[in-house]
Amino acid sequence: MLVINSIERGIVIDHITAGLGARILNYLDIDTSKYTIAFIMNAESATRGRKDVIKIKDVVDLNLTDLGLIDPHATVNIIEDHKVAKKIKLEIPEKVVNIIRCKNPRCVTSVEKAAPHIFHLIDPETMEYRCEYCDDIVSMKGDWQHDIMRKEWLRTKSCE
Amino acid sequence: MLKGRSLLEPMDFSLEELEDIFALAKEIMKEPAKYIHVADGKLLATLFYEPSTRTRFSFEAAMLRLGGQVIGFSEANSSSAAKGESIADTVRTVGCYADLIVMRHPKEGAPRIGAGASDVPMINAGDGGHQHPTQTLTDLLTIQCDKGRLDNLTIGICGDLKFGRTVHSLMKAMSRYKNIRFILISPEELMIPDYVRKEVLEKNNIFFEEVRRLEEAIDRVDVLYMTRVQKERFFNEEDYVRLKDSYILDAEKMEKASKDMIILHPLPRVNEIAVEVDKDPRALYFEQAKKGMFVRMALIMKLLGIEEGSVN
């Protein structure tokens with residue numbers, strides 16, 4: 001059996017739908033960072049059969065509310081002194097900024113490089129989002145994960 | 001209160017606010033001479049990154065007929081855009097000089113970028129294949145003047161419904177009036193975009209029917225809104241050539257239409273309405289263009305906060 005020790009201080013992203021953990025790592029752009037990270041794939045889960053888990057040591061100030069776009073079933077636990085100091089249940093976000101890139105070649109974001117890419121949720125069931133500028137609709141189901149921007153990309157953008 | 005507000009899409013204004021604009025436009029139409037000095041000392045900037053005849057001239061004429069003045073450019077090459085300046089920076093700069101900015105841009109959502117860059121009111125004068133809210137003001141005023149109402153209408157929209165920004169704005173605006181039915185006439189390749197279908201029609205439970213031939217709809221509509229297949233919206237010339245002559249309204253087809261039906265067109269037309277139809281009393285598209293100037297005069301007055309009480 002694989003044993004991963006608990007962390008004294010940090011973030012545990014738990015109950016990730018099996019297979020989506022790598023995408024969350026990619027989005028957070030921490031797979032290339034110097035943080036100590038444990039990434040467990042296909043762990044046994046009493047409620048979901050299989051799940052992925054990510055543990056990030058010594059980091060508690062990452063904004064993770066947008067992770068609901070990738071996996072609304074995941075939970076985020078902030079750990080202090082080996083205990084859960086805060087538990088965040090993720091939801092499908094109503095508005096996302098600089099997470100989805102608008103693919104409409106006619107959209108102004110294709111030429112106005114400093115403009116933030118802003119999308120609004122229009123249907124939680126289908127996870128469809130509408131671009132604030134051109135109204136183009138994208139579904140966040142299916143192969144959508146490939147369109148998720150990495151946070152690294154955000155650092156070069158001016159956000160809202 | 002419309003003073004200081006921007007008009008980026010038709011839903012930015014409530015039905016009451018639209019009605020106020022139409023009421024003022026009708027007053028101006030009755031006696032335009034009363035309004036020739038109401039905007040003295042005010043400056044309108046027209047930022048046209050894409051060619052335009054009617055919209056730019058009607059905005060400029062509207063401002064000049066109110067006593068205001070106009071600055072601007074009529075193509076991107078004659079502005080700092082040619083040097084690579086961003087839309088936001090251009091608007092921020094122009095906002096230092098003008099009281100009101102009108103923008104046309106080939107990219108969808110460009111006026112929204114502009115509206116966020118300056119406190120000066122921004123009017124969207126057409127953004128790519130997206131929205132054209134002041135054309136919609138013109139359309140609605142024309143319908144209201146002829147029909148006496150904006151509800152209980154069957155509206156046929158024919159031609160390029162995919163890239164037709166006037167179509168998208170018209171449908172959005174009409175979706176708020178009671179008992180509106182749409183008959184959408186287009187080739188499969190030029191059907192309405194998903195966001196109009198889902199966010200405007202389905203969300204508001206509006207009846208709509210999609211047909212391929214004009215003959216299937218012409219005897220059932222109160223308003224027939226013809227549009228041009230727009231060459232400039234196609235990335236592929238072959239697609240344009242294949243679709244450009246999909247619909248031509250001529251005198252023979254008009255025989256099947258009701259005597260009360262009216263024909264609107266945002267203009268310019270190419271060949272989708274035969275010239276012989278122009279003399280038909282139901283052809284209101286040039287009257288519509290004329291009303292466009294008056295409704296823009298009313299819009300400018302409202303956004304600048306010029307009170308009707310200041311009119312001599």
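Chain A exposes about 8500 Å² of surface, and carbon and sulfur atoms supply 49% of that; areas of this kind come from the Shrake-Rupley method with a 1.4 Å probe, and for residues only the protein chains shown count as cover. Keep in mind that this is a predicted model, where local features need pLDDT of at least 70, side-chain atom pairs count only at pLDDT 80 or more, and totals for chains, interfaces and linings use all residues. Residues are numbered from 1 along each chain as its sequence is written, chains are lettered from A and ligands numbered from 1 in the order in which they are written, and side-chain values use heavy atoms, with hydrogens and water left out.

Let's stay with chain A for a moment. Chain A has 2 helices and 9 strands, taken as DSSP runs numbered from the N terminus (helices H or I, at least four residues; strands E, at least two). Along the sequence they come in the order β-α-β-β-β-β-β-β-β-β-α. Among the contacts in chain A with a separation of 6 or more, 61% are between residues 24 or more positions apart, a contact being heavy atoms within 4.5 Å.

Now for the meeting of the two chains. Here 17 residues of chain A are in contact with 20 residues of chain B. Together the chains bury about 1600 Å², 57% of it on carbon and sulfur atoms; this is the accessible area (1.4 Å probe) that two parts lose on being put together, summed over both. The rule finds 2 salt bridges across the interface, each a side-chain nitrogen of Lys or Arg within 4 Å of a carboxyl oxygen of Asp or Glu. B:Lys198 forms a salt bridge with A:Glu128, and their closest N and O atoms are 2.6 Å apart.

Finally, have a look at B:Ser118 in chain B. You'll find B:Ser118 in the loop between helix 4 (110–117) and strand 4 (122–127). B:Ser118 counts as buried because its relative accessibility is 13%. Leaving aside neighbours within four places in sequence, B:Ser118 is in contact with B:Val91 and B:Gly95. B:Gly95 is 23 residues away along the chain, yet the C-alpha atoms of B:Ser118 and B:Gly95 are separated by 5.9 Å.

Definitions and conventions:
Buried < 20%, exposed > 50% of the residue type's maximum accessible area, 1.4 Å probe, protein only.
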